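Subject: Structure handover

Hello,

I am passing this structure on to you. Please open it first, then read my notes beside it.

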Amino acid sequence: MPRRIIKRVGTRGRYRWRTRLRGVLPYGLALRIPKGRVDCGAHEWYRSDERTWRCYHCEVGVTHVSPFSGDEQVAGRLAAIRLRFKALGAKPYTEAVAGEARELFDEASILTGERSARDVPPHSSRGAKRRRRTVR
Ligand SMILES: [Zn+2]
């Protein structure tokens with residue numbers, strides 16, 4: 001009988017099988033499969049709230065300082081902007097949608113170094129009102 005070969009891609013740390021299982025099971029069942037209690041050895045982070053990042057795989061992996069390098073943070077923000085653009089594309093065109101798209105475009109331009117923050121006008125309706133009041 002041939003031995004089954006298990007490909008070990010993305011299995012650098014412990015508890016990966018638990019994480020994968022939680023990802024495919026219905027929510028109620030997934031809750032019954034906890035994260036590992038001991039350090040997984042190769043944390044993979046997600047942001048759980050404003051100031052907390054947690055490891056997908058273990059309970060030990062918790063930090064209140066971003067675990068990502070500057071480049072990783074920029075890449076993550078650009079990925080989020082891309083997703084938001086995609087979501088905006090499915091909405092009917094309104095002034096609010098166009099305004100948000102402009103803000104996202106300007107933020108992406110700054111993140112990629114194509115523009116300086118000084119060259120980008122302030123956004124938000126409050127910013128727009130402020131600009132209108134000062135312009136004669
Ligand atoms: Zn971990």
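Below is what was found, going from the overall layout to single residues.

Overall layout

Please keep in mind that this is a predicted model. The protein has 5 helices and 3 strands. Along the sequence they come in the pattern α-α-β-β-β-α-α-α. Of the 136 residues, 6% count as buried. Take the contacts between residues at least 6 apart in sequence: 25% of them join residues at least 24 apart.

The sheet

The strands form an open sheet of 3, in the order β1-β2-β3. The pairing is antiparallel. In general, strands of a sheet pair through backbone hydrogen bonds, in either a parallel or an antiparallel way.

Which strands sit at the edges? They are β1, residues 45–49, and β3, residues 62–63. Each of these two pairs on one side only.

Start with β1 and β2. They run antiparallel, and 4 bridges join them. As for cover, β1 has hardly any: among its 5 residues, the count of buried ones is 0.

Now go on to β2 and β3. Strand β2 covers residues 52–55 and pairs with β3 over 2 bridges, again in the antiparallel sense. Here Arg 54 has Val 62 of β3 as its bridge partner. These two strands also form a hairpin, this time with 6 residues between them.

Helix α3 runs over residues 70–89. At 1.5 Å a residue, its 20 residues should span 28 Å. The C-alpha atoms at its ends are 29 Å apart, which agrees. Is α3 buried or in the open? The number of buried residues among its 20 is 0, so α3 lies largely in the open.

Helix α4 takes up residues 95–111. It has 17 residues. From first C-alpha to last, α4 reaches 24 Å, close to the 24 Å expected. After α4 comes Gly 113, which has a positive phi near 85°.

How do the two helices sit together? Two packed helices are described by the angle between their axes and the distance between those axes. For α3 and α4, the angle is about 155° and the axes are 10 Å apart. An angle over 145 degrees counts as roughly antiparallel, so α3 is roughly antiparallel to α4. Their crossing is left-handed.

From α3 come Val 74, Arg 77, Leu 78, Ile 81, Arg 84, Phe 85 and Leu 88. They meet Val 97, Glu 100, Ala 101, Leu 104, Glu 107, Ala 108 and Leu 111 of α4. An α-helix has 3.6 residues a turn, so residues three or four places apart point the same way.

Two single residues

Tyr 15 is in the segment before α1, which covers residues 16–24. Its phi is positive, about 70°, although Tyr 15 is not a glycine. Is Tyr 15 buried or exposed? The cut-off for buried is 20 or more other C-beta atoms within 10 Å. Tyr 15 has 24, so it is buried.

Ser 116 lies in the loop between α4 and α5, the latter being residues 124–134. Ser 116 has 9, so it is exposed. Ser 116 and Asp 106 are 10 residues apart in sequence. In space, they are 9.4 Å apart, C-alpha to C-alpha.

Best wishes

Methods:
Residues numbered from 1 in each chain as written. Predicted model: local features only at pLDDT ≥ 70, side-chain atom pairs only at ≥ 80, totals over all residues. Pairing = 2+ DSSP bridges. Expected span 1.5 Å × (residues − 1). Buried ≥ 20, exposed ≤ 12 C-beta atoms within 10 Å, placed from the backbone. Contact = placed C-beta atoms within 7 Å. Axes fitted to C-alpha atoms, helices over the stretch in contact; angles between N-to-C directions. Parallel < 35°, antiparallel > 145°, perpendicular 65-115°, else oblique. Left-handed = near helix turned anticlockwise from the far one by under 90°.
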